[in-house]
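Me: Hi! I have a model open on my screen and would like to walk through it with you. Could you help me find my way around?

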Amino acid sequence: MTHIKFFTAVFACGTALVLTAQTPQQPPATQPPQDPDSIRAVLVGDPGRPPRLAVPEFIPLSKEPDVVAAAKTIGAVLLDDFAFEKEFYLIPRDVLRTVPSPASPDQIALSRWKELGADGVIVGTVQKTAEGIVVEARYIRVADGAMAIGKKYSGTARSLADGGRIFAHSIADEIHKSRNLMGVAKTKLAFSSDRDGQRMKGPVGDRDISNIYQSDYDGANQSRLTVNRSIDIAPSFAPDGSVIAYTSYKTGYPDIILQSLRDARMPTNPAKGTESSHNLLSSWSPDGNRLAFMSNRDGGGNTEIYIVNRDGTGLRRLTNHPGTDSTPTWAPTGQQLAFTSDRSGSPQIYIINVDGTGLQRIDCDSTWCDRATWSRAPLNEIAYASRSGGGFDIRIFDFQSRSSRTITDGIGSNESPAFAPNGRHLAFSSDRSGKMQVYTIARDGTDLRQITKTGTNRYPSWSQN
Amino acid sequence: MSMVIVTAAACGGKKPPVAKPMPPPSTAAGATNDANRPGEPPEPVRETAIPPEPTTVDPLKVSDIDKINQNSPFQPVFFLYDSSEIDAPGQQALQANAGILKKYPEWVITIEGHSDERGTAEYNLALGNRRATAARTYLISLGIPADRLRTVSYGKEFPFDPTHSESGWSKNRRAHFVLTSK
């Protein structure tokens, strides 16, 4: 995508596909249509263990190279999407490869899958039609060959541009629903990156600029979202995914910018920053109507937390204390916020009601805690960066025990956590491999994955859908 | 010998003065015999060179803003870890900076607040704001008008020294003075 030389938006070049999901016709001599409760029962293996699932490559129903390639990619990405959430025990890839790929979906070697101990197998097809691409996926119960879940997805030809990953993500989310889990396979990460190596003039020498980038949750399809000749930091997706908010210094002082991700309309700045009134570190309310942010507008050296409507109206002040109040984040209930304050002498995490009452401090067990992120019910935890040795580790506070556990391993400095919308994973930045990079990790500290590799990448944020 | 021609605006109707060339001295070293009276030595005349006109151009007045900032007359103010207190050396630096600002009353500056890399990126944006403002407040107390002093915090975004030790960190905990307009 060509970079626009002056100002604003390179809006996300998302796949312009329309995924229409339909339930395909059942093969003859099978079960009657099943309601969601019985589907859940079907997916459970022996009592007490998750179902064992085989996810082989999809079957290409036509010979075009992009269809054949997509059949491989979709199967592989779907397997990765399932591995991420750990709802299924997955037959390993090398074992999957020992089962020959069927030429058509009614030639599945059920006895072979039974031998391998699978409870279910995903049978998928990819074909090109006059209208575009059609992908079908069926969850087949190995015991009797019955279809537990079946979905059909249609997309334009462009949906295969990256091999058809969106199909795998959609299927993963659908099947995770039957496990009562909101999947995150279609979510995005946004972060600030200097990977393009651009510089801006500084008072003494040139300075590296950084702009906002996004990627799929698994690191695929990384693309640039802002083109400013300055630093853009601290991105945050609107809950409906239509807009991204970020802090930009493009005017010479920091202000919150809202930039559309759906069209090329001009960005707005609802907090209306000026030379003397600076606004930073925005966080969306869960209903997408308001933003909380930090500003020095009322006291020069002191920063406080403010709330403003998305359209710039209704500005009000939330905190009022000579200490530094910074880094707000909204609770998923919309009724509270968490933020950082040094009012007790050093940066600590506080919770406050939206109306300004009910201030309480979280015991974060260190002398410096910052950048709270709050996960949805039922998990309902607050993660933050906590001083640990010379750097930081990510810790998670849970309200039941009213204590925190450390989930990073003390390697490098680990900062700026952001929960995935289902609260099972977090994104964070770490310099464990040299420059700061974006990683994801499960809430129990396992499954560390590196998302970025080029340049310095910081301030990660996780989209809500 | 120099000729000085002076012209002045002819407001009052007077004719402007016209310089006349100076007459040569009546005696000079090396003059011809005609000028010497017999028996008297020539009058000595001391020669001195007329010094060139002194330059009155002030480089800070004529240089462009970028050049001034690259070789800045302003001193940065440095801070202790996680602090925005101005210590004694900082006060001295600010007094010197105030002197410059008084000498050039048209100058507007931006005070950048910076921190070292060891804190979180987010809180450091607030800390940088405190540092820049502390310097600004002190300058105002020295009589500099507030509307000539802007601030901006860059937190740990733009370190001046990338060294990962106190020798580098101490250089990054600063208020840095940037000439913005003159």
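Predicted model: local features only at pLDDT ≥ 70, side-chain atom pairs only at ≥ 80, totals over all residues.

Me: OK, and how many bridges join β2 of chain B to β4(B)?
Reply: There are 6 bridges between β2 (residues 108-114) of chain B and β4(B), and the two run antiparallel. To find the spot on screen, look for Val108(B), which faces Ser181(B) in β4(B).

Me: Switching to helices. What is the length of α4 in chain B, in residues and in Å?
Reply: Helix α4 covers residues 121-141 of chain B, so to speak a run of 21 residues. From first C-alpha to last it reaches 31 Å, close to the 30 Å expected at 1.5 Å a residue.

Me: Is α4(B) largely enclosed or largely open?
Reply: Largely enclosed by the rest of the structure, because 18 of its 21 residues are buried.

Me: What comes after α4(B)?
Reply: Gly143(B) follows the helix, and its phi is positive, near 100 degrees.

Me: Is Lys61(B) buried or exposed?
Reply: Exposed: Lys61(B) has 12 other C-beta atoms within 10 Å, and a residue counts as exposed at 12 or fewer.

Me: Now the two chains together. How many residues of each are in contact?
Reply: On the chain B side it's 20 residues, and they are in contact with 31 residues of chain A. Elements that each supply at least two residues to the chain B side are α2 (65-70), α4, β3 (149-155) and β4 (174-181).

Me: Which of those gives the most?
Reply: That's α4(B), with 9 residues on the side that touches chain A. By class, the chain B side divides into 8 nonpolar, 7 polar and 5 charged residues.

Me: Good. Over to chain A, then. How many helices and strands does it have?
Reply: Chain A comes to 5 helices and 32 strands. Of its 465 residues, 48% are buried.

Me: What about its domains, where are they?
Reply: The domain assignment gives domain 1 as 20-177 and domain 2 as 188-462 of chain A. Their C-alpha centres lie 37 Å apart.

Me: And how many residues are in contact between the two domains of chain A?
Reply: It's 4 residues of domain 1 with 5 residues of domain 2. The domain 1 side of that contact has 4 charged residues, with no nonpolar and no polar ones.

Me: Now sheets. In what order do the strands run in the open sheet with β8 of chain A?
Reply: The order is β12-β11-β8-β32 in chain A, 4 strands with antiparallel pairing. At the edges stand β12 (223-224) and β32 (457-462), and each has a single partner strand, so one side of each is left without a neighbour in the sheet.

Me: How are β8 and β11 of chain A joined?
Reply: By 6 bridges, with β8 (residues 188-193) running antiparallel to β11 (residues 211-216) of chain A. One facing pair is Leu189(A) with Ser215(A) in β11(A).

Definitions and conventions:
Residues numbered from 1 in each chain as written. Chains lettered and ligands numbered in written order. Pairing = 2+ DSSP bridges. Domains from an automatic or database assignment. Contact = placed C-beta atoms within 7 Å. Nonpolar A, V, L, I, M, F, W, Y, C, P; charged D, E, K, R; others polar. Expected span 1.5 Å × (residues − 1). Buried ≥ 20, exposed ≤ 12 C-beta atoms within 10 Å, placed from the backbone.
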